[in-house]
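Subject: Handover of a structure

Dear colleague,

Please find the sequence and the structure below. My notes follow them, and I would be grateful if you read the two side by side.

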Amino acid sequence: MEAYYAGWLSILPPVIAIVLALATKEVFFSLMVGILSGTLIYSIGTGADNVVMSTVSTAFETMGKKVDFNILVFCTLLGALVFVVYLAGGSKDYGRWATKRIKSKRSALVSTSGLSLTIFIDDYFSCLTVGTVMSPITDSLKVSRAKLAYIIDATAAPICIIAPVSSWAAAVSSSLATTGTFPSEMSAFVAAIPFNFYALLSLAMVFAVACFNLDFGPMARSEARAAKGELGNVAALEMDSRPSDKGGIAEMVVPILSLIVFACLAMLYNGGYWGADPKYHTIAGALGNCSASQALVWASFGALTVALIQFVPRGLMSISTFLNGCMDGMKAMLPANIILVLAWTISGVCRDLLSTPAFVQHAVSDGGLTAGFLPAIIFLVAAFLSFSTGTAWGTFGILIPIVIPVAEALDPNLLIVCLSATLAGSIFGDHSSPISDTTILASAGSGCNHIEHVSTQLPYAILVAVCCFAGYIVAGLTGGSFLPSFLTAIVLLFVCLVVLHRISARRMAAEEAETAAAKAAPVE
């Protein structure tokens with residue numbers, strides 16, 4: 001199929017998908033309608049004999065061409081690995097070990113944050129595992145379930161989006177591949193990590209709150225109630241499958257380390273590190289030349305094989321339990337895989353059929369848009385869309401093919417910064433939206449009432465987002481300079497955090513004084 005220059009009509013498919021997603025909160029339906037609207041424009045513009053059949057056939061033909069089966073296989077195998085690791089009981093044994101050693105509230109919060117950081121391969125796995133392991137410990141030390149849910153949620157997606165070996169990295173790399181801009185999508189992903197301010201600042205804020213108890217707003221009230229023994233509206237976490245009681249910490253550590261080691265070796269191998277061409281005989285050269293999606297498939301299969309050898313012969317689970325666990329984990333990845341396929345397709349419709357990048361480049365070049373504010377604007381758009389729809393993957397899948405041509409047209413020096421702003425805004429929505437899968441799973445994994453979790457963490461997420469916005473303004477005005485932009489964001493975060501904590505503490509102290517005075521007053 002040859003490209004057709006549709007002019008302003010070429011931006012209708014993503015606009016329709018975004019508007020429908022905001023109105024219906026149904027991402028699958030919205031993306032599919034966006035795809036069909038694009039192929040309808042193409043069919044009419046190219047003069048198809050049968051517009052209806054051409055619209056449908058073009059949509060699915062484009063889908064078949066754009067699907068990256070390596071990414072789908074990796075995500076599916078990763079889902080299987082996550083579930084069997086949970087069933088093996090490694091995380092449960094970590095909880096038993098931690099209970100004997102964690103004696104203070106601060107160490108409990110820091111340990112929860114640390115455990116979340118070690119489980120970076122998938123945010124679903126992190127949400128369910130960390131909450132199950134740490135809730136008995138945090139309960140005994142009077143940490144509110146709202147605080148536990150916040151730490152889980154604020155470290156799940158943010159750590160996954162800056163970990164090169166994760167389902168998120170694979171999804172982003174695949175979206176970048178549709179633009180054809182970068183010689184190595186994985187190298188571009190790694191280059192974008194330092195400018196992913198929302199992920200970095202979220203992690204910094206988690207440890208600041210955990211170490212120094214700098215709570216404010218509704219979270220401070222929840223913690224004050226927890227200190228009196230009221231942990232919150234606690235719900236019991238129910239799982240269809242229970243982990244083994246025989247597993248040790250190695251059952252969690254070994255498969256994850258295997259995945260990391262295999263991924264690194266596989267990337268070096270297919271990047272030509274041990275090949276005939278000497279220019280790829282360096283780590284940087286091989287990683288720049290590698291096919292990350294193919295390497296991640298090999299790595300996930302290798303890690304799953306290690307898990308099979310580690311779990312079944314030792315009697316931690318039967319072969320049927322292992323295989324059933326694999327199937328359950330694969331099923332859990334189906335929604336994410338569907339979003340990826342639809343995002344790839346709408347990107348292909350816009351880029352390959354309707355020439356959207358060419359139209360956007362011309363419009364931006366002629367429109368006089370200032371490049372200096374582009375990263376901040378992109379961050380706001382991505383944050384709004386992701387918060388409204390509750391999906392980070394759907395957001396960057398739609399925006400990356402649009403953002404990259406705009407950045408190239410205005411200022412190529414801001415290309416990586418604009419990519420990072422897209423990812424950062426997407427993570428904000430995934431972290432804070434009440435309809436996000438990760439937010440819902442964090443509530444479930446911690447046993448916290450969902451509305452309480454959303455209301456207590458939202459002020460924290462908004463604070464981080466505001467500081468990121470300031471950082472991206474500085475990044476745009478300085479031509480993508482990292483140090484001044486990051487320092488602006490991180491210093492602003494800690495100043496605001498301390499100020500808000502003090503204001504909240506004074507208000508709570510005044511309220512307690514009023515309550516005490518009211519109780520002490522004589523009754524007439």
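Is the crossing of H4 and H15 left-handed or right-handed? The crossing of these two helices is left-handed, a word used when the near helix is turned anticlockwise from the far one by less than a right angle, with right-handed used if clockwise.

The model is predicted, so local features need pLDDT of at least 70 and side-chain atom pairs count only at pLDDT 80 or more, while totals for chains, interfaces and linings use all residues. Residues are numbered from 1 along each chain as its sequence is written, and side-chain values use heavy atoms, with hydrogens and water left out.

Helix packing

Helices (H or I, at least four residues) are DSSP runs numbered from the N terminus. Two packed helices are described by the angle between their axes and the distance between the axes. Axes are lines fitted to C-alpha atoms over the stretch in contact, and angles run from 0 to 180 degrees between N-to-C directions.

Helix H4 (residues 69–88) packs against helix H15 (residues 292–311) at an angle of about 25°, the axes being 9 Å apart. H4 and H15 are therefore roughly parallel to each other; angles under 35 degrees count as such, over 145 as roughly antiparallel, 65 to 115 as roughly perpendicular and the rest as oblique. Residues of H4 that meet H15 include Phe74, Leu77 and Leu81, and those on the side of H15 include Val297, Phe301 and Leu304; contact means heavy atoms within 4.5 Å. By class, this contact of H4 with H15 has 16 nonpolar, four polar and no charged residues. Ala, Val, Leu, Ile, Met, Phe, Trp, Tyr, Cys and Pro count as nonpolar, Asp, Glu, Lys and Arg as charged, and the others, Gly among them, as polar.

H23 (residues 450–477) packs with H8 (residues 145–160) at about 60°, with axes 9 Å apart, and the two are therefore oblique to each other. H8 passes H23 in a right-handed crossing. The contact is made by Ala146, Ala149, Tyr150 and Asp153 of H8 and by Glu452, His453, Thr456, Gln457 and Tyr460 of H23. Four nonpolar, three polar and two charged residues make up the contact of H8 with H23.

H23 also packs with H24, at an angle of about 150° and with axes 8 Å apart. H23 and H24 are therefore roughly antiparallel, and their crossing is right-handed. Among the residues in contact are Leu463 and Val464 of H23 and Leu492 and Leu493 of H24. By class, the contact of H23 with H24 has 13 nonpolar, three polar and no charged residues.

Aromatic residues

The structure holds 12 aromatic pairs, where rings of Phe, Tyr and Trp (its six-membered ring) pair if their centres lie within 6.5 Å, and planes under 30 degrees apart count as stacked, over 60 as edge-to-face and the rest as tilted. The ring centres of Tyr273 and Trp274 lie 5.0 Å apart with planes at 85°, so this pair is edge-to-face. Tyr273 is partly exposed at 27% relative accessibility, whereas Trp274 is exposed at 53%; buried means under 20% relative accessible area, exposed over 50% and partly exposed in between (1.4 Å probe, protein chains only).

Phe482 and Phe486 form a stacked pair, 5.3 Å centre to centre with 15° between the planes. Both lie in H24 (residues 482–520), four residues apart, about one turn of the helix. Phe195, Phe197, Phe379, Tyr472, Phe482 and Phe486 form one aromatic cluster.

With kind regards
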